[in-house]
There are 2 protein chains.
Amino acid sequence: MKKVKIALLGLGNVGRGVWMILNSNKEEIMKRSGYEVEVAKILVRDISKPRGVEVPLGLLTTDFNDIINDDEIKIIVEVMGGIEPAREYMIAAMDKKKHIVTANKMLLATGGDELFEKADKEGVMFNYEASVAGGIPIINGINESLTANKVERLYGIVNGTTNYILTKMAFDGLDFNDALKEAQEMGYAEADPTSDIEGFDSQYKLAILSSLAFGTKIKIEDVYREGITKIESVDIQYAKEFKKVIKLLAIVKDNDGRLELRVHPTMIPENHPLANVYDSFNAVLIKGNAVGDLMFYGRGAGDLPTGSAVVSDVVSILRSNIEIENLNPVVKNNLWVKEISDISEIDSKYYMRLTVADRPGVLGEISSVVGENNVSLRSVIQKGLDVENENKVTIVLVTHMTKEGNIKSAIEELYKLDAVYKINNFIRMEDFN
Amino acid sequence: MKKVKIALLGLGNVGRGVWMILNSNKEEIMKRSGYEVEVAKILVRDISKPRGVEVPLGLLTTDFNDIINDDEIKIIVEVMGGIEPAREYMIAAMDKKKHIVTANKMLLATGGDELFEKADKEGVMFNYEASVAGGIPIINGINESLTANKVERLYGIVNGTTNYILTKMAFDGLDFNDALKEAQEMGYAEADPTSDIEGFDSQYKLAILSSLAFGTKIKIEDVYREGITKIESVDIQYAKEFKKVIKLLAIVKDNDGRLELRVHPTMIPENHPLANVYDSFNAVLIKGNAVGDLMFYGRGAGDLPTGSAVVSDVVSILRSNIEIENLNPVVKNNLWVKEISDISEIDSKYYMRLTVADRPGVLGEISSVVGENNVSLRSVIQKGLDVENENKVTIVLVTHMTKEGNIKSAIEELYKLDAVYKINNFIRMEDFN
Ligand SMILES: NC(=O)c1ccc[n+]([C@@H]2O[C@H](COP(=O)([O-])OP(=O)(O)OC[C@H]3O[C@@H](n4cnc5c(N)ncnc54)[C@H](OP(=O)(O)O)[C@@H]3O)[C@@H](O)[C@H]2O)c1
Ligand SMILES: NC(=O)c1ccc[n+]([C@@H]2O[C@H](COP(=O)([O-])OP(=O)(O)OC[C@H]3O[C@@H](n4cnc5c(N)ncnc54)[C@H](OP(=O)(O)O)[C@@H]3O)[C@@H](O)[C@H]2O)c1
């Protein structure tokens, strides 16, 4: 049996998962890759930290030079996260013709191009399956299995934390803060949950997926972003009345060469496959012009699921025959140039919740302001008195398809009405047609 | 741009889809594969047959020699189906160092080994993504993305015809025959539907998937098979009362090295992801020891979805650099030896529907016979009088987990009771724990 040495940068959640899998599934990996994989070094910040896995102390190092200067180490597994020094280390490793596996969505979404180009130049493989949706092989799916398709649309639930929170709000009637607290207690949300709940994490992932699916360069700023902090239990209740559920969706649509890219809470039909993705599970639905609807569902985070994706990336490098240089070119993601739509240009249906004065004629006033802005209403429902103020009532509007620009100007105009106290929320709706 | 010539064997449903995709997505395929793909020849039986697509007449041939003797043709796409001459043609093509893409599940399930070995020997690629679950990249998923896992279980809805029939029975209240007729009118079922409704098609597919997932040789006879013809509307109604739905599942479980392989109608919880796979959609759920639950969902048949899988297989050959010989070894499927369990050894819960005499004490008699056979009952429900005979009543039993052998002997003993007129049905239940 041939042997290969690899190094891990990082032994946190994912690093631990990788270590455990390499040990417990050693035989599977050997038979499938043709190699016995030996972890020769592991880079950490603090050697004395308890690790929760039994790793021979001699493997740990805080000095990257121990790794970069070891010519026997052929593959670098970057699971440390962050921009620097992860970027610098990967560039240095590729200089030494080491192949790379990374799980670093933040770095890929913000500086992926430099890394892809470097890998291409050095003829090394650069794999990143774990960077989006953890254990779900969505990168491989797009890069290898959808090659015969024009991708038309992609919808993803790619953040487990927010999906867990929204599930708890919907099923256990928790409000946002309590659901977040529970997610933190369960280890699904970080102490600082901003990246998840404000949609940054989903934004990174959508940028990566869209770059691949459309073979084009997507910058983070191209992706419109809203988090879930504005979702209240009452919105979820009203959604239920319309047979909808609210999910944080990452959406990209190709409208004749112009891409709209957006991450925001979305009301979707309750019988749609994505509506049935609960808790911390992730799923990505892709519509290809040949394959139709294709969905991938599974665990988007966690030590073992993410480790599974990382180790499969290692196996794929081993199988592609690492002894030959310049073998497998990196999948190119600059094949097409696409225009990016502004969020005001998208077409959608909208749900809107308002607090208005409880007097005759208000519904009429609202309807006509909305109509003047070219928004046609599908339904207007008065939801009863405000609990705190008996002169106020809640109104829920649902629109037909319209440009987001129209909704924004309608909202501006609505605020000018004396009878409108507050526009509590507006949520985009998607029916996947 | 480099050019490559390929040939199609067959221009039926799938062949047509391949032709359409190669034309409509020409630019995508070129950019992603690095090749302009030219279909140089198409083998058919009858040149004069109307084809529904515009194919230059000069491309059609009824003589395989036109293809096999053309050294410029590098890839053979076998979409003719059947055992012979498909097998013979593929072997001959590999002799000439041509790479193969096939969609032929029947041939793979019954004689795949010979073909894999031949491909390995000749150093040609042999791809067959379309053979299972049409457009869903489940073969690639298992072969490339689950390499870090021990697969523990796999559950598939891999036959669109039967899923369509069961969906119609459940939602539109049709009985089996009417649902089948509708499936035929919609083009989802063949004039002779035996292979689908009796579970042969699913049996082939499970044999292929299991061979790959467990790296072992699975023979068709290793897979226990039951079709859906015995399912009556009333069973679907009773299932609903237990919050279950009935699906034709292809199941494989690895019990410490012994595989149980079976295709049969199965009652599953209505909120499970597989329960929400409707109409002719397919889905495959895999439980890996690292990745956990992973599900692939999409179109399991049809010209374009199946063509999508076929063409992605062509692209993957082109990308692996066809100019170099003996490049990518075929994924081996004889890595492990597994024992196969007999169906009598499986553990399951069971639903049973009986017609019994309407007199006091019958429930007690039944319960004790069942108990004597080591089957413990979870519920016994009397469902009211038989419509045709007022002396008969319907009883529905649901058991706890037990060996199938126990159920079979219980059924034998039950038939010996005077009070038991008929055991109308028994259906395995699965709760995915
Ligand atoms: N967690 C998931 O489920 C998941 C899923 C998909 C992708 N990812 C991605 O995977 C990566 C790792 O995530 P994680 O959750 O495993 O992170 P983590 O638990 O914070 O672990 C990070 C590891 O990297 C080490 N490290 C960080 N900076 C270092 C430095 N400058 N020098 C040396 N060592 C350093 C840390 O060392 P010490 O232990 O000594 O502090 C720690 O072992 C991130 O890019 C993340 O986005 C994570
Ligand atoms: N249909 C699906 O959705 C689907 C999905 C997955 C996999 N598959 C598999 O794909 C394969 C093709 O299925 P299909 O539905 O496309 O079949 P089909 O519609 O019956 O087409 C078969 C084609 O092969 C040609 N052919 C058959 N035997 C031949 C022979 N001896 N010599 C020359 N040409 C011959 C036929 O020629 P003529 O046209 O002249 O008769 C026809 O064009 C099968 O293995 C099937 O299991 C099908």
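**View 1. A:Lys105, a position with a UniProt "binding site" annotation.** The label comes from an unreviewed UniProt entry; such positions are given in the numbering used here, feature names are shortened, and annotations may be inferred rather than shown by experiment. The model is a predicted one, where local features need pLDDT of at least 70, side-chain atom pairs count only at pLDDT 80 or more, and totals for chains, interfaces and linings use all residues. Residues are numbered from 1 along each chain as its sequence is written, chains are lettered from A and ligands numbered from 1 in the order in which they are written, and side-chain values use heavy atoms, with hydrogens and water left out. A:Lys105 sits in helix α5 of chain A, residues 105-122 (helices are DSSP runs of H or I, at least four residues, numbered from the N terminus). Is A:Lys105 buried or partly exposed? It counts as partly exposed because its relative accessibility is 27%; that class runs between buried, under 20% relative accessible area, and exposed, over 50% (1.4 Å probe, protein chains only). Skipping residues up to four places away in sequence, A:Lys105 touches A:Ser131, A:Asp201, A:Tyr204, A:Lys205 and A:Ile208; contact means heavy atoms within 4.5 Å.

**View 2. A:Lys205, a position with a UniProt "active site" annotation.** This label, too, comes from an unreviewed entry. Look for A:Lys205 in helix α10 of chain A, residues 200-213. A:Lys205 counts as buried because its relative accessible area is 5%. Beyond its neighbours within four places in sequence, A:Lys205 meets A:Lys105 from View 1, along with A:Ser131, A:Val132, A:Ala133, A:Val158 and A:Asn159.

**View 3. Ligand 1 and the residues of its shell.** Here 22 residues surround the ligand, and the closest are A:Leu11, A:Val14, A:Lys49, A:Arg51 and A:Gly302 (a residue is near a molecule if one of its heavy atoms lies within 4 Å of it). Sorted by class, the shell around ligand 1 has 10 nonpolar, seven polar and five charged residues. Ala, Val, Leu, Ile, Met, Phe, Trp, Tyr, Cys and Pro count as nonpolar, Asp, Glu, Lys and Arg as charged, and the others, Gly among them, as polar. An N or O atom in the side chain of A:Arg51 is 2.6 Å from an oxygen atom of ligand 1. On its own ligand 1 exposes 900 Å², and the protein buries 80% of that (Shrake-Rupley method, 1.4 Å probe).

**View 4. Ligand 2 and its surroundings in chain B.** What is closest to ligand 2? Among its 22 surrounding residues, the closest are B:Leu11, B:Val14, B:Lys49, B:Arg51 and B:Gly302. The side chain of B:Arg51 has an N or O atom 2.6 Å from a ligand 2 oxygen atom. A polar backbone atom of B:Leu11 is 2.8 Å from an oxygen atom of ligand 2, and one of B:Gly302 is also 2.8 Å from an oxygen atom of ligand 2.

**View 5. B:Ser308 in helix α12 of chain B.** This helix spans residues 303-319. B:Ser308 is buried, with a relative accessible area of 1%. Leaving out neighbours within four places in sequence, B:Ser308 contacts A:Ala148, A:Asn149, A:Ala290 and A:Val291 in chain A, plus B:Ile21.

Key: Helix = DSSP H or I, 4+ residues; strand = E, 2+ residues; numbered from the N terminus. Polar contact = N/O pair within 3.5 Å; in protein donor to acceptor, adjacent residues only side chain to side chain.
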